[in-house]
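The sequence and model are shown first.

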Amino acid sequence: MFALSPYDLIWSAGALVAVALTLAALVVWFRTRWERTGEAVLTLLVIVVVPLLGPAAFLASRGRRQVPVRVRSSDQSS
């Protein structure tokens, strides 16, 4: 009978998390409209080359981006 050790299960779970994070980051990366090509290429390299940390950092940074809001000044009515 074949029995899995806890060590094997932990590594397998880690590998699945790494693959899931990478796939999620790649989906978000492809859906992003990049203004600068260099930024897009560098971000893609970080996602692909740095396992776990690259995709996790990219996904965390995407959630913190804010859209700039233009406030209209009320004293410019003339």
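Three residues of H2 are buried: Ala40, Thr43 and Ile47. They cover an arc of only 70° around the axis, which puts them on the same side of H2. An α-helix has 3.6 residues a turn, so residues three or four places apart point the same way. The other side of H2 carries exposed residues, namely Thr37, Gly38, Leu42, Val48 and Val49.

The model is predicted.

The largest nonpolar core has five residues in all: Ala25, Trp29, Ala40, Ile47 and Phe58. At least two residues of this core come from H1, and at least two from H2. Phe58 touches Ala25, Val28, Trp29, Trp34, Thr43 and Ile47, leaving aside residues up to four places away in sequence.

Confidence values are as follows.

| Part | Mean pLDDT |
|---|---|
| Protein | 86 |
| H2 | 95 |
| H3 | 91 |

Among the elements of the protein, H2 has the highest mean pLDDT and H3 the lowest. A pLDDT of 70 or more is reached by 83% of the residues of the protein. Where pLDDT is low, the predicted coordinates should not be read in detail.

Note on methods: Residues are numbered from 1 along each chain as its sequence is written. This is a predicted model: local features need pLDDT of at least 70, side-chain atom pairs count only at pLDDT 80 or more; totals for chains, interfaces and linings use all residues. Side-chain values use heavy atoms; hydrogens and water are left out. Buried means under 20% relative accessible area, exposed over 50%, partly exposed in between (1.4 Å probe, protein chains only). Helices (H or I, at least four residues) and strands (E, at least two) are DSSP runs, numbered from the N terminus. The arc is that of the directions from the helix axis to the C-beta atoms. pLDDT is the predictor's confidence in each residue, from 0 to 100. A nonpolar core is a set of buried Ala, Val, Leu, Ile, Met, Phe, Trp, Tyr and Cys residues joined through side-chain atoms within 4.5 Å. Contact means heavy atoms within 4.5 Å.
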